[in-house]
Amino acid sequence: EVLQNHVLEAQVFHTEFGTGVAILTGALRFSLATNIDDLKLRRLPEVPGLQKPPPCWAVLSQDRVTVVLLAVGQELFLLDNTSCSVVVSVLSTLSPLSPGVVPAPSPEKFCEFNTGIRSPPKQMVWPGWDGFGSTWDGGTCPCPWMGWNYWDSRPLATQPIPQSRCWRMLPAHQGDIRGWSSPSSSLCVLPIPAEASQEIFRIASMAPGALLLEAQKEYEKESQKADEYLREIREQQLLPEAVGQCIEAAGYEHEPETQKSLLRAASFGKCFLDKFPPEGFVRMCQDLRVLNAVRDYQIGIPLTFTQYPTADPGIRALVLRRLYPLAIRICEFLRLPEIQGVSRILAHWACYKVQQKDKSDEEVAQAINQKLGDTAGISYSDIATRAYDCGRAELAIRLLEYEPRSGEQVPLLLKMKRSKLALGKAIESGDTDLGQPGDSTGLRGWGDLWGLGEPFGSFCRHQERETLKDLYNQDDNHQELGNLHVQSGYG
């Protein structure tokens with residue numbers, strides 16, 4: 001269907017399975033795959049009455065369920081694996097010029113936000129199940145998440161990019177929007193999901209975390225108010241809660257200075273506690289150091305703390321962008337097991353290196369061996385296979401020389417039709433099961449070497465007599481088979 005009708009529109013989305021993609025074909029049918037690394041395109045049911053591409057559609061994913069929400073005329077449809085159902089059919093009660101009032105898909109009104117704009121919105125995006133945003137020609141207006149709202153009337157260079165529980169906006173000019181310094185910068189807009197953050201930064205808040213933050217600030221000023229704030233917290237026996245709130249809130253802040261302020265407050269409060277477990281504080285410091293590194297403008301991955309535990313500390317995104325040194329430093333900083341961290345990154349680097357055809361085979365092989373050495377978890381045969389797939393057979397052979405396991409060398413050499421080399425490796429190992437996987441006798445693998453004639457026959461006569469009998473029998477070579485039985489009898 002895609003080949004015949006082409007792709008009209010596509011959207012990339014993120015799930016716990018990985019990165020997904022949804023497409024709308026020229027036949028006005030939706031298909032999606034939840035993980036592009038294991039691409040299984042699934043076609044969704046048809047939408048009744050759909051005669052042209054919908055003006056707006058979005059992919060929603062939560063709790064291992066992925067659906068498509070789209071607008072057709074005055075109705076909203078929800079597409080899942082098996083059905084197409086109507087979600088809202090009351091939009092006709094709104095005037096097209098309604099000033100930004102958005103109805104909820106139920107009698108209950110969750111929020112109302114007057115944008116002051118009387119023209120219809122240009123675009124609507126869903127960063128998550130609990131919020132959405134709209135854009136107009138000349139401004140953007142996300143609706144509130146949990147009482148949070150944002151408004152910016154500056155023009156946008158592109159449409160907002162929906163991400164997991166946040167969205168990114170790109171400016172069209174040299175602006176000063178929350179630290180934007182150039183048209184190539186982006187702004188990440190997200191809700192405040194942590195109750196601790198809301199408690200601490202709410203106006204006139206008397207939450208223990210807010211009082212502890214003020215106490216620490218007054219302490220730095222050498223003010224007596226620090227003791228007053230601290231005494232108030234301790235009298236209510238809320239100091240452990242105050243420290244915990246500051247630590248939690250620090251994780252959801254993107255500005256390093258605010259993070260430091262909250263962590264200093266937590267450290268200040270810990271001094272007055274006898275048995276406060278330090279693990280949470282230490283872990284938060286580590287996590288924030290990693291998050292700040294990948295958020296740096298030179299890297300540009302706006303990873304949120306909510307995404308962080310399931311995002312492989314940003315390492316996968318760094319590797320795909322070929323930012324190998326930073327990915328390795330993060331693995332070493334987090335003390336990840338070598339096989340799960342550094343080895344995986346180096347293997348990806350090596351597979352990329354073999355594609356650089358401006359270097360000779362010898363240079364590439366030496367560079368890879370010098371970098372990888374005997375690192376645990378590295379398979380030179382996998383790298384050699386990638387080189388062979390890229391049309392560099394000689395480089396693949398050179399890389400196989402560094403593979404210490406003969407069992408990993410022979411299958412690729414046979415695939416490359418290098419039977420003599422495969423025989424040499426097989427003889428070195430003395431293992432008859434170096435043929436194709438799943439062949440319990442090893443006969444199929446040795447059969448590929450049988451055409452080498454006397455060198456292989458001589459090897460078998462001395463070390464693999466049973467294999468030689470099988471091969472003579474397979475070739476109906478009764479004379480040699482009889483001779484072999486006679487020699488066995490004398491033996």
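Me: What makes the contact of Arg-202 and Glu-199 a salt bridge?
Reply: Their side chains meet at 3.4 Å, N to O. A salt bridge needs a side-chain nitrogen of Lys or Arg within 4 Å of a carboxyl oxygen of Asp or Glu, so the pair qualifies. This is a predicted model: local features need pLDDT of at least 70, side-chain atom pairs count only at pLDDT 80 or more, and totals for chains, interfaces and linings use all residues. Residues are numbered from 1 along each chain, and side-chain values use heavy atoms, without hydrogens and water.

Me: Why is Arg-392 called buried?
Reply: Arg-392 has 9% relative accessibility. Buried means under 20% relative accessible area, exposed over 50%, partly exposed in between (1.4 Å probe, protein chains only), so Arg-392 counts as buried. Its salt-bridge partner is Asp-361, at 2.8 Å, N to O. Asp-361, at 23%, counts as partly exposed.

Me: How do you know that Glu-253 has no salt bridge?
Reply: The nearest side chain of opposite charge, Arg-295, is 8.6 Å away. The salt-bridge limit is 4 Å, so Glu-253 has none, yet Glu-253 is buried. Glu-253 is found in the loop between helix H5 (239-251) and helix H6 (256-270).

Me: Why are H10 and H11 called roughly antiparallel?
Reply: Helix H10 (residues 342-353) and helix H11 (residues 361-372) pack at about 175°, with axes 10 Å apart. Angles under 35 degrees count as roughly parallel, over 145 as roughly antiparallel, 65 to 115 as roughly perpendicular and the rest as oblique. H10 and H11 are therefore roughly antiparallel.

Definitions and conventions: Helices (H or I, at least four residues) and strands (E, at least two) are DSSP runs, numbered from the N terminus. Lys and Arg count as positive and Asp and Glu as negative; His and the chain ends are not counted. Axes are lines fitted to C-alpha atoms, for helices over the stretch in contact, and angles run from 0 to 180 degrees between N-to-C directions.
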